[in-house]
Every structure is written in C-alpha cells, then in structure tokens.
Amino acid sequence: GGEARGAQQPDPVAGENEVVVKIDAVGICGSDMHAYQGHDARRLPPLVLGHEICGTVTSDKHKGRRVILNPLISCNRCYYCETGRPNICSNRTMIGMTRPGGYADAVSIPEQCLVFVADDMDPVAAALTEPAATGLHGLVLATRVMARPIAEARTLVIGAGSVGLLTALLLKHQGCEHIHIAETNELRQGPAR
C-alpha cells in the first residue's frame, strides 16, 4: 500500500521503418532530473522520460538483438542530415523529449537509431554509451584544435556528473596525467577524486 505508480501507457507500436525495443537498462540523465523537477520547457508532462537505453528488439526485424539507442531521431532530408551532421538536424526529435522514452517497459524507435551490442555485454554498462559518447564527442572536437597530443595537455573537466566523470575516464585512457575536475556539489566531489 501507499506505493506511487506511474500512469499506464499504451504498448508502443512500430511505425514505418521502426522497431519495438524492450528496455533492459536505462540511465538517469541530469536532463531527466531537470524535466522531472519542471525545469525543462521542452519536456512537458505527461511524458515518459529516459534516453540512455539498452534493450532487446522484440518486433520482427532484428528480433532478439541487443541494442543501445541513439536517442536523436533525424529526418535524413535537411541540410544538416545531407551534410553528415544529423546530430543538429533541423527537424530532429528525441525519445524522452518529444516521444516516449525508456522509463517504460518498451519503446518504438526508427531502425536508424539502433546500435547493436554484444549479447553478453552488461546492459547497465551498455546504457552508459550515450553519456560516454557525449564526452568522447567533446574530446574529439578539442583534439582537432590542439597543437599537441591530448596526453600532454593539462585538462579541466567542469562538472562531475556522469558525462564529466566519463570524460575524465576517457582522458585518463588517452594517457592524460593532468586531469582536474571542477565541481561545486559536495556530494559529487568524492567520486571525482
């Protein structure tokens, strides 16, 4: 008794060029927390949040395959998509923002958003792919403008949330010895050390 439960959602149905994915693990992004607290005007209730997802395809095509999801759904028609930059698509949508996300039993998503992973990969680790990719993207952009290898640089990561900590781990993996993390939240300062 007294247990709070979310509203029942209809089972997702795969549209054209889409599949249904049963959720195996989903992360809690800071943007999900902002939306839950009512601080994100783009994510309006009632909306199922969650975009850091690992799951298993349950619909006909690719049935049984373990996947992670690229939460950004691009149009494949605009200037940005045609020039290889679907991440800034003029018409993009996103699971957990403009359509139901991963804090449900299953989601429907375009096939183009599937990234296949090994069946034996831990689904919780696989769900970290999206925030890790965010940090990696930042490092790739930074290394393009650097005059020397990143391993020789002094680095500063601002924020010790999941993206910040994953970025620091990526820097360490690339041989950086001088990694500093700035964090004002005392609860996050311990893990950042």
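Confidence in this predicted model is lowest in helix α6, residues 186-192, where the mean pLDDT is 75, and highest in strand β2, residues 53-57, where the mean reaches 98. Over the chain as a whole the mean pLDDT is 91, and 95% of the residues reach 70 or more. Where pLDDT is low, the predicted coordinates should not be read in detail.

The secondary structure of the chain comprises six helices and nine strands, and the C-alpha trace spans about 50 × 50 × 35 Å along its principal axes. Of the 193 residues, 37% count as buried, while the chain exposes about 12200 Å², of which carbon and sulfur atoms supply 54%. Among the contacts with a separation of 6 or more, 66% are made by residues 24 or more positions apart.

Most residues other than glycine have a negative phi, and most peptide bonds are trans. Pro45 and Pro46 are joined by a cis peptide bond, with omega at about -5°, and Pro46 belongs to the loop between α1 (30-36) and β2. Positive phi values occur at His62, near 70°, and at Asn76, near 65°, neither residue being glycine. His62 is found in the loop between β2 and β3 (66-69), whereas Asn76 lies in the loop between β4 (72-73) and α2 (79-82).

The relative accessible areas of selected residues are set out below.

| Residue | Relative accessible area | Class |
|---|---|---|
| Cys176 | 6% | buried |
| Cys75 | 11% | buried |
| Arg99 | 19% | buried |
| His62 | 25% | partly exposed |
| Tyr80 | 29% | partly exposed |
| Asn76 | 47% | partly exposed |
| Tyr79 | 53% | exposed |

Arg99 deserves a separate look. Arg99 is located in the loop between β5 (93-94) and β6 (106-110), and counts as buried because its relative accessibility of 19% falls under the 20% limit. Leaving aside neighbours within four places in sequence, its contacts are Glu18, Leu47, Val48, Ile73, Thr93, Met94, Ser108, Ile109 and Pro110.

Which two residues form the aromatic pair, and in what arrangement? The structure holds one such pair, formed by Tyr79 and Tyr80 in an edge-to-face arrangement, with 5.4 Å from centre to centre and 75° between the planes. The label edge-to-face applies because the angle of 75° is over the 60 degrees that the class requires. The two partners are classed separately in accessibility, Tyr79 being exposed at 53% and Tyr80 partly exposed at 29%. Another ring, that of Phe116, has the charged end of Arg65 sitting over it, 4.0 Å from the ring centre.

Technical notes
Residues are numbered from 1 along each chain as its sequence is written. This is a predicted model: local features need pLDDT of at least 70, side-chain atom pairs count only at pLDDT 80 or more; totals for chains, interfaces and linings use all residues. Side-chain values use heavy atoms; hydrogens and water are left out. Rings of Phe, Tyr and Trp (its six-membered ring) pair if their centres lie within 6.5 Å; planes under 30 degrees apart count as stacked, over 60 as edge-to-face and the rest as tilted. Buried means under 20% relative accessible area, exposed over 50%, partly exposed in between (1.4 Å probe, protein chains only). A charge sits over a ring if NZ of Lys or CZ of Arg is within 6 Å of the ring centre and within 35 degrees of the ring normal. pLDDT is the predictor's confidence in each residue, from 0 to 100. Helices (H or I, at least four residues) and strands (E, at least two) are DSSP runs, numbered from the N terminus. Contact means heavy atoms within 4.5 Å. Accessible areas come from the Shrake-Rupley method with a 1.4 Å probe; for residues, only the protein chains shown count as cover.
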